[in-house]
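The exercises below go with the sequence and the structure shown here. Try each task before reading its solution.

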Amino acid sequence: MEKGTLLYEGKAKQLFQTEDPEVVWVEYLNQATALNGAKKDQISGKGELNNQITGLIFEFLNDKGIKNHYIKQLSATEQLIQTVEIIPLEVVVRNVAAGSFSKRLAIPEGTPLKQPIIEFYYKNDELDDPMIIDDHIRFLEIATTEEIAQLRQMALEVDRALIELFDAIDIQLIDFKLEFGRQKDGSILLADEISPDTCRLWDKKTKDHLDKDIYRRDLGDIIPVYQEVLNRLEKRGE
């Protein structure tokens with residue numbers, strides 16, 4: 001399979017056509033962004049780490065029966081995925097208060113939530129990805145009532161699986177962002193990536209950040225942190 005025409009370039013990835021219309025070639029970039037792109041840097045090695053971490057996590061989710069668009073890893077920075085039409089929603093699952101949730105509701109970071117909280121954000125850079133409710137989603141014709149329910153159910157399934165995965169490598173899953181896409185037949189698959197860019201991860205013992213908050217909050221170099229997450233995931237599979 002060969003890489004074809006560039007289809008899309010985002011903040012962290014490039015998507016390319018292949019000779020198979022049902023398959024897309026993904027290349028992870030070394031770009032780090034935060035605050036909706038207001039902060040941006042090139043960080044050598046970041047794309048390689050996110051590609052490998054995402055691949056391992058999607059393979060784990062496949063084993064758990066959670067359908068996603070991942071096919072296989074091609075190289076340190078490249079992978080193949082199934083073609084889907086991305087639903088313009090970011091589905092955020094929160095297990096512990098942190099980040100914008102803590103600021104918005106004046107709840108101290110690290111406060112455990114009694115149950116997972118799911119939030120929807122409208123994927124629109126010009127609007128800074130605002131949080132929206134079910135009625136907004138239906139009004140914008142982004143998803144039907146049935147699809148919204150399915151997205152919630154799938155997000156909770158992913159949450160349970162990821163908690164199990166990260167708990168086994170002494171990492172606490174604080175919160176994370178998911179994206180989903182529709183196949184031609186209308187079925188919904190988990191899509192995008194799952195990495196320290198999209199998850200808030202804390203070491204269970206030290207509570208040290210193992211995620212993009214290191215970059216977002218100017219706490220240090222993210223490469224050793226992302227490498228630590230990859231190392232733990234790889235050791236788990238041995």
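**Exercise 1.** Does D213 count as buried or exposed?

Solution. The model is a predicted one. Begin with location: D213 is part of helix α5. Next take the accessibility, which is 0% in relative terms for D213. The cut-off for buried is under 20%, so D213 counts as buried. Finally, list the contacts: with neighbours within four places in sequence left aside, D213 touches R200, D218 and L219.

**Exercise 2.** Compare the end-to-end reach of helix α4 with the expected value, then list the buried residues of α4.

Solution. Helix α4 covers residues 145-167, 23 residues in all. From the first C-alpha to the last, α4 reaches 33 Å, close to the 33 Å expected at 1.5 Å a residue. The buried residues of α4 are E147, I148, L151, M154, A155, V158, D159, A161, L162, L165 and F166. To read the spacing in that list, recall that an α-helix has 3.6 residues a turn, so residues three or four places apart point the same way.

**Exercise 3.** How many residues does the largest nonpolar core have, and which of them have the most contacts inside it?

Solution. The largest nonpolar core has 52 residues. L61, L162 and I194 are the residues with the most contacts inside this core. Helix α4 gives the most to the core, with nine residues. Now look around L61: apart from neighbours within four places in sequence, L61 is in contact with I66, N68, V158, A161, L162, L190 and I194. As background, nonpolar side chains tend to be buried together in soluble globular proteins.

**Exercise 4.** Describe how helix α1 packs against α6 and against α4.

Solution. Two packed helices are described by the angle between their axes and the distance between the axes.

Step one, α1 with α6. Helix α1 spans residues 46-63 and helix α6 spans residues 222-236; their axes come within 10 Å and cross at roughly 30°. Angles under 35 degrees count as roughly parallel, and α1 and α6 are therefore roughly parallel to each other. Their crossing is left-handed. On the α1 side the contact is made by K46, L49, N50, Q52, I53, L56, I57 and F60. On the α6 side the contact is made by I222, I223, Y226, Q227, V229, L230, L233, E234 and R236.

Step two, α1 with α4. Here the packing angle is about 115° and the axes are 11 Å apart. The crossing of α1 past α4 is right-handed. I57, F60 and L61 of α1 make this contact with V158, A161, L162, E164, L165 and F166 of α4.

**Exercise 5.** Which residues of α6 are buried, and what covers them?

Solution. First check the helix itself: the 15 residues of α6 should span 21 Å at 1.5 Å a residue, and the end C-alpha atoms of α6 are 21 Å apart, which agrees. The buried residues of α6 are I222, I223, V225, Y226, V229, L230, R232 and L233. The elements that cover them include α1, α4, β12 (171-182), β14 (199-203) and α5 (213-216).

Conventions. Residues numbered from 1 in each chain as written. Predicted model: local features only at pLDDT ≥ 70, side-chain atom pairs only at ≥ 80, totals over all residues. Heavy atoms only, no water. Helix = DSSP H or I, 4+ residues; strand = E, 2+ residues; numbered from the N terminus. Expected span 1.5 Å × (residues − 1). Buried < 20%, exposed > 50% of the residue type's maximum accessible area, 1.4 Å probe, protein only. Core = buried A, V, L, I, M, F, W, Y, C linked by side-chain atoms within 4.5 Å. Contact = heavy atoms within 4.5 Å. Axes fitted to C-alpha atoms, helices over the stretch in contact; angles between N-to-C directions. Parallel < 35°, antiparallel > 145°, perpendicular 65-115°, else oblique. Left-handed = near helix turned anticlockwise from the far one by under 90°.
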